[in-house]
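Subject: Structure handover

Hello,

Please find the structure below. The notes after it set out what was found.

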Amino acid sequence: MVSGYQLIAGLTPEPLSAAGKRSVKLNLPALQSKMKIDPEGYQTELGLLYSQFNSALDLFRQQAALNFTATSGVSADPTISKGLGDRAVFLAHVTPFYPKQLTEFPRQLADFLKTSAKSLPSGLRCHVAQALILLVNRKMVEIGENLALFMELQTLGDRNMRKLSFSHVVHSIRRMNKKHKNEVKNRRLQNILFGRLQREDEAVAKRSLTTLCELHRRKVWFDDRTANAICMACFHSSSRIMIAAISYLLNHEKIEDDDDDDSDASSREDDSKLQKPQAILSKEAVYKAYHKGTSSSKKKKKAKLERAIRSRKKKQRISSGTSSSNNYSPLVHLKDAQGFAEKLLSRLQTCNERFEVKMMMLKVIARTVGLHRLIFELFSIQTFSNSLYSFIQPHQRDINNLLAATVQACHDMVPPDAVEPLFKQIVNQFVHDRSRPEAIAVGLNVIREICLRVPLLMTEDLLQDLVLYKKTHKKAVSVAARSLMTLFREICPSLLLKKDRGRPSDPKARPKAYGEVTVSSNVPDVELLQHDDRDDEEDEAEDAEDIDKMRCSFEDDCDSDEFSSASDDHEDDNDSESRENSDGEEDSIDEDSDNGVDANDSDYDEEGEGDNDMEEMEEDVEANHEKVNVDVTKAKASKRKLSDFDGQLIAADTSLRALKRLAVEKLKGSSLNSTDAFLSNEDFQKIKELKAKKAANSALAQQGFKVPSSDQLSFRRVDPSKLEAHIRRKLTKEQRLALVKAGREEREKYQSRTAVKRKKTGGLSNQQKERKKLISRQEKTQKQRRGGKQFRGKKAWKC
């Protein structure tokens, strides 16, 4: 009789000979490949292996019932554990080829892990879990049936098991929602994780929170239910769960595990991924991936291109602005933001956590208030301000993050009276003559950011005092003061002195009063469409006028020859008539000048004569209109008289006024018609284009900065490092040494002159050549004699 150990240890040759095969002992991987090729020919071997698996499974179940540990009983023999694990993986591979014979196999694996996971050795536990994961990936088992099991396996304290189960859960749910989202399945899985998150057990809740955060970060479960579940974890009874949830809400991409080895391993994996060369996206690479090589090489090239595209998209997501990252924050999807902020504020006042945790809670509250533009009740505002009020000191630890949270909590819907004590505290504590320049710069930057959101806090005297800091010699302080001055040039120039206003874009600009809202009575920016239509009409009119002028000039050139003879005939008559008319006009002018004073006096004395003069002026205008309507041929043939010229000027003036009245009436009519009419999709698209064009032109013409809207400010994250811009901190000795070493990197190592000369390239010097020159002994002695006689004694000219 064959013992149980022999059944587990390996295969005997008897079943192979019974199946008609050679009597040799096969290993499991070779048998697995042969069973996949010919499933029907290896049913006997499958039955034998399945019976061996069941017998070993019964042994381990009995061990779990007797409360054996992982180092005692049957588990103490590593061969038995390895045999069971290998057979579990083997049967998982061949289950799709034998669905009827192995119907109960997935359920047996799941039950075995549920009952005996704690007492199993680590290697066997991982092998059985891998077998079950393989069945889930082959779609033999649904993830919803074993999600609770894999979440429970993460709490056993086994690091390898925790990583395996966590990655399987995340990738399975991600793969399930890749093409389309099944809301029914997702809701069932979410209910399992939400229930485990609300448990009092810290380990269970921590693994559920980590899984939810990872799925939300990967945008797999990017809905309101997941976001609210993560936010509600801030009120868990365990402080570690609360800190983990708050750290994720503060835009931490990943909740770090307590084990440092996990973080080191993940960082090493990320570094190795970054070091791999990526495929270059070019037309040649795309053409080769689809048209060059065999099918297998094309498949590899396509995979490289896909990896390169994914990495480029990931870099684009990372390099996007901070406002886009705020859209991914679960705080945006809060259903009851007001209740969340008030509840977290009350917990902040009663908790006994360390200072860093309190700062994190303050930041979450401030970001919630800023994102949703919450209006607290008066008591809540005062309590929040008082909690910040006691910390607003220049020497306070982590003061930059605290001031950033203060700025984030301000928006245009907050009453200025509620923020005024906090604003005065910042001004009094940071900006005064005895304060350090670093504190003054930070204070001015914070004041600028608060006034950007609540401009009604600033008074004229305070602003003029703060602007005086622009003349200081400290760069950080002067830059901060000038930025404050530039801000108020745009939002309210009247608060500044005349010399500080510069050239604002709108000199009459003022901030809106508290609660003031601009209500649009028509389609926004519809006037851009009207102005564009008028510009088109004006262009068409100008083109028509140019065509008419060209036509008239052409006709005048043609008619000039015809009228030239007639003009010569009438020239003498016109000269004589002009002389007579000029004489008569001189006489009339003289008579008028003699009687001019009396006429003026009579006009001031009598009012009736003034009425008569008005009637006479009206008659003159009518007469001038009649004079204007003369024949064109007569006007061209004869020269213009002075009276006719005056009449034409008056007529032109009156006609211009009439044209202006008609234009105004037309504009009124067109505006009424445009408001009553329906706008098509093309009109809205044109309005969008004109709006973008107008914004681009204003951005190019504007010298200062563009004041963002309240919605943009609410989504913008306040960076604490920007509050201390241009501030030079005193470096430590280690930092100075690091700077010195960084400056020496490109410099060569110091060497003496002789060492440099020895390494010199390009041949020998003249002295070295002279030393190595071969000369005879006689020449050498003569040279020494000549050299010895020179410069001995005094020179002749010096005697």
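A residue is called buried under 20% relative accessible area, exposed over 50%, and partly exposed in between (1.4 Å probe, protein chains only). By that scale K185 is partly exposed, at 31% relative accessibility. This is a predicted model, in which local features need pLDDT of at least 70 and side-chain atom pairs count only at pLDDT 80 or more, while totals for chains, interfaces and linings use all residues. Residues are numbered from 1 along each chain as its sequence is written, and side-chain values use heavy atoms, with hydrogens and water left out.

K185 belongs to helix α10 (residues 183-197); helices (H or I, at least four residues) and strands (E, at least two) are DSSP runs, numbered from the N terminus. I173 is 12 residues from K185 in sequence, and their C-alpha atoms are 9.7 Å apart.

H168 is in helix α9 (residues 159-176). With a relative accessible area of 5%, H168 is buried. Leaving out residues up to four places away in sequence, H168 is in contact (heavy atoms within 4.5 Å) with I133, V136, N137, I143 and F150.

K470 sits in the loop between α24 (460-467) and α25 (475-491). K470 is also buried, at 16% relative accessible area. Beyond its neighbours within four places in sequence, K470 contacts S478, A481, R482, M485 and D500. With D500 there is a side chain to side chain polar contact of 2.7 Å. A polar contact is a pair of N or O atoms within 3.5 Å; within protein, one must be able to donate a hydrogen and the other to accept it, and residues adjacent in sequence count only if both atoms are side-chain atoms.

On the cysteines: a disulfide is taken as a pair of cysteine sulfur atoms within 2.5 Å, and the count is zero. C410 is buried at 7% relative accessibility, and C126 is buried at 13%.

The lining of the second largest pocket has 21 nonpolar, 11 polar and 13 charged residues. Here Ala, Val, Leu, Ile, Met, Phe, Trp, Tyr, Cys and Pro count as nonpolar, Asp, Glu, Lys and Arg as charged, and the others, Gly among them, as polar.

Regards
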